[in-house]
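Please read it alongside the sequence and the coordinates.

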Amino acid sequence: MAQGLEVALTDLQSSRNNVRHHTEEITVDHLLVRRGQAFNLTLYFRNRGFQPGLDNIIFVVETGPLPDLALGTRAVFSLARHHSPSPWIAWLETNGATSTEVSLCAPPTAAVGRYLLKIHIDSFQGSVTAYQLGEFILLFNPWCPEDAVYLDSEPQRQEYVMNDYGFIYQGSKNWIRPCPWNYGQFEEKIIDICLKLLDKSLHFQTDPATDCALRGSPVYVSRVVCAMINSNDDNGVLNGNWSENYTDGANPAEWTGSVAILKQWYATGCQPVRYGQCWVFAAVMCTVMRCLGIPTRVITNFDSGHDTDGNLIIDEYYDNTGRILGNKKKDTIWNFHVWNECWMARKDLPPGYGGWQVLDATPQEMSNGVYCCGPASVRAIKEGEVDLNYDTPFVFSMVNADCMSWLVQGGKEQKLHQDTSSVGNFISTKSIQSDERDDITENYKYEEGSLQERQVFLKALQKLKAGSFHSSQRGAELQPSRPTPLSRDSPRSLHTPSLRPSDVVQVSLKFKLLDPPNMGQDICFVLLALNVSSQFKDLKVNLSAQSLLHDGSPLSPFWQDTAFITLSPKEAKTYPCKISYSQYSQYLSTDKLIRISALGEEKSSPEKILVNKIITLSYPSITINVLGAAVVNQPLSIQVIFSNPLSEQVEDCVLTVEGSGLFKKQQKVLLGVLKPQHRASIILETVPFKSGQRQIQANMRSNKFKDIKGYRNVYVDFAL
């Protein structure tokens with residue numbers, strides 16, 4: 001008489017499955033698979049082989065603390081050939097004398113997360129035995145056409161899911177600087193940290209059963225992750241800090257990768273890491289989303305609007321010296337702002353609005369009561385469909401708001417200039433499988449000044465004023481625009497050109513740099529004054545310079561000058577200016593941004609002329625040389641060359657070096673004191689542990705500067 005079937009051993013075939021599911025970079029020791037794609041396992045039996053006519057093998061998969069069949073977080077499905085009501089399926093591959101290989105497949109809509117796999121064996125005698133086969137992790141699958149995150153380009157999948165390093169663009173629209181970043185989404189423990197992040201969310205803490213059930217939706221997961229990257233509502237990953245005081249944490253400019261941040265958060269019991277700013281929030285979110293399997297890229301928007309009241313106007317205020325003032329509305333134009341785009345279908349929106357979606361983890365405004373933003377369809381932004389979920393009005397304003405300049409004098413405000421094209425420039429991301437920059441501005445808006453662009457702007461403005469939003473939009477944006485200084489003038493129309501200073505006074509002013517603005521050197525520039533009229537013009541011009549934070553917040557002025565310029569008809573003149581290093585050094589922010597402004601007035605006219613320019617000071621970069629061939633599990637020497645660019649001694653110098661697949665953890669070297677203009681180098685030793693294209697990222701900080709950076713790409717060969 002045949003005995004009941006007993007399982008002696010299970011082989012989850014982790015190495016083979018992980019390679020087929022593109023997760024071998026994470027590990028080959030534990031099973032990590034993607035939904036909508038089959039994976040194999042082998043059952044070894046103790047007493048006899050599996051007999052399909054006599055034995056029935058039933059699989060059970062469970063995720064979350066409260067697995068539930070109705071919610072889809074528990075599934076029961078049979079190896080038998082008859083139809084199973086479960087969306088999970090299993091089928092027989094091979095059947096031997098004492099072993100059986102089977103294939104299992106999760107539906108392409110299954111919740112992602114950590115699963116427990118069990119089987120029940122119902123033998124012909126009615127005996128039932130149950131076994132726990134082990135755990136596995138299920139991820140989104142951009143290779144599966146039925147998955148909501150499916151991306152049909154292999155080069156794009158390699159870039160936006162598999163690439164573990166990249167560049168984040170910083171600086172200004174006139175000086176765009178690539179900042180190297182180690183995303184490290186496949187590094188040790190990162191997948192566990194990402195799943196812990198989901199479990200620490202307010203949604204999970206409030207209703208874990210529903211939260212786990214909703215993890216099949218990339219829209220839902222992206223909003224949860226977006227809220228968890230900042231710590232404004234919860235014990236999220238990062239504390240934001242724009243104060244320039246980082247004594248109890250790290251200056252955001254010092255970070256070169258996400259791995260150290262996520263591991264610190266995890267190791268300290270999920271206490272927020274100090275500190276981050278927009279590019280750090282976006283980079284860490286990119287790491288988490290790529291790790292979970294959602295195609296993600298980091299986007300930089302230069303001259304990014306932060307419109308606090310939803311009227312698509314950024315108001316800037318100046319005093320009579322040309323100094324920019326803070327304003328009570330908190331409207332600002334960030335020199336650059338960084339967010340993410342994630343690729344996903346949007347079945348919750350009308351057809352055509354899937355694809356790239358904006359998600360912004362920087363805590364600026366609340367959405368549904370928490371600090372997150374998105375996903376907002378990039379196409380909806382371009383078309384002005386600001387009533388589509390989620391947070392589209394706020395993102396639209398970041399790339400499309402107008403800028404209004406006001407002179408504040410004697411308690412009164414005088415309109416100087418309305419600029420319809422200053423916000424949203426050179427929207428940038430790293431190119432696919434290249435170190436070059438891609439300009440994707442046309443994805444967000446039509447050409448500035450075109451009829452289509454103005455039609456879209458008016459459509460969005462009308463929707464905002466009508467307050468026609470779904471309940472899930474930002475609370476502040478559900479209300480019609482409240483009165484602002486713009487209410488004194490009619491809204492922008494299709495045929496009304498923006499008011500420019502030269503339209504009125506027939507004199508134009510412009511700044512021009514004479515030399516590249518390098519840190520530690522004097523800044524030399526001229527003010528160009530041009531009289532386009534046929535009359536003499538006598539000008540008084542107040543000039544000033546002040547440091548800016550990258551979010552547009554002004555610091556106190558440190559340089560002022562007054563120029564008196566007489567212009568003959570059609571004449572142009574230059575007024576030379578110089579700001580010495582000793583004048584700006586102690587006032588410079590970490591962002592190394594200086595805004596020079598000129599406010600001119602003609603003696604015979606009440607009109608004012610405003611011009612300004614943002615200068616970004618540059619450092620010499622770190623040079624990295626790889627000494628010899630890079631081979632897996634073979635020692636490798638790396639030379640790092642760095643210098644003090646200043647004509648004064650700097651102290652507390654620290655060099656950090658990292659690189660996924662090259663260093664097990666971030667390397668820190670205490671350099672101490674560097675003499676003026678001193679150039680030095682060190683040799684670091686490491687043993688690469690992953691093959692393929694890799695990147696080394698380096699940063700040097702001191703008491704005088706925080707972010708001298710460098711990088712080097714290196715290809716690591718397999719060991720012979």
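**Notes on the predicted model**

1. Helix 12 (residues 451–466) has 16 residues, which at 1.5 Å a residue should span 22 Å; its end C-alpha atoms are 23 Å apart, which agrees. The expected span is 1.5 Å times one less than the number of residues. Helices (H or I, at least four residues) and strands (E, at least two) are DSSP runs, numbered from the N terminus. Glycine 467, with a positive phi near 65°, follows helix 12.

2. On the basis of these points: this is a predicted model, in which local features need pLDDT of at least 70 and side-chain atom pairs count only at pLDDT 80 or more, while totals for chains, interfaces and linings use all residues. Residues are numbered from 1 along each chain as its sequence is written, and side-chain values use heavy atoms, with hydrogens and water left out.

3. Which residues of helix 12 are buried? They are Glu453, Arg454, Val456, Phe457, Leu458, Ala460, Leu461, Lys463 and Leu464. Buried means under 20% relative accessible area, exposed over 50%, and partly exposed in between (1.4 Å probe, protein chains only). The cover over these residues includes helix 9 (378–383), helix 10 (392–400) and strand 20 (402–409), where contact means heavy atoms within 4.5 Å.

4. Helix 10 is itself largely enclosed by the rest of the structure, because nine of its nine residues are buried. Among them are Phe394, Phe396, Met398 and Asn400.

5. Under "binding site", an unreviewed UniProt entry lists Asn400, Asp402, Glu448 and Glu453. UniProt positions are given in the numbering used here, feature names are shortened, and annotations may be inferred rather than shown by experiment. The listed residues are spread over 54 residues of sequence, yet they cluster in space, with a largest C-alpha distance of 12.3 Å. Asn400 is one of the buried residues of helix 10, and Glu453 is one of those of helix 12.

6. The two other listed positions can be described in turn. Aspartate 402 is in strand 20 and counts as buried, at 0% relative accessibility. Glutamate 448 is in the loop between helix 11 (441–444) and helix 12, and is partly exposed, with a relative accessible area of 27%. Leaving out residues up to four places away in sequence, glutamate 448 touches Thr420, Ser421, Val423 and Glu453.

7. For "active site", UniProt (unreviewed entry) lists Cys278, His337 and Asp360. These residues span 83 residues in sequence, but no two of their C-alpha atoms are more than 9.6 Å apart, so they gather at one spot.

8. Is cysteine 278 buried or exposed? Cysteine 278 is buried, with a relative accessible area of 0%, and lies in helix 8. Beyond residues up to four places away in sequence, cysteine 278 touches Trp242, Trp334, Phe336, His337, Val338, Thr362 and His550.

9. Aspartate 360 is found in the loop between strand 18 (355–359) and strand 19 (376–377), and is also buried, at 0% relative accessible area. Its contacts, apart from residues up to four places away in sequence, include His337, Trp339, Cys372 and Met398. The side chain of aspartate 360 reaches the backbone nitrogen of threonine 362 at 3.1 Å. Such a polar contact is a pair of N or O atoms within 3.5 Å; within protein, one must be able to donate a hydrogen and the other to accept it, and residues adjacent in sequence count only if both atoms are side-chain atoms.

10. The domain assignment gives domain 1 (7–139), domain 2 (154–459), domain 3 (507–616) and domain 4 (623–716), with bounds from an automatic or database domain assignment. The C-alpha centres of domain 1 and domain 4 lie 46 Å apart.

11. In the largest nonpolar core, of 69 residues, those touching the most other members are Trp181, Val225, Ile229, Leu238, Ile261 and Trp279. A nonpolar core is a set of buried Ala, Val, Leu, Ile, Met, Phe, Trp, Tyr and Cys residues joined through side-chain atoms within 4.5 Å. Helix 8 (residues 278–292) gives the largest share, 13 residues. Domain 1 and domain 2 both contribute residues, so this core lies between them. A second, separate core of 58 residues includes Leu509, Met519, Phe558 and Leu684.
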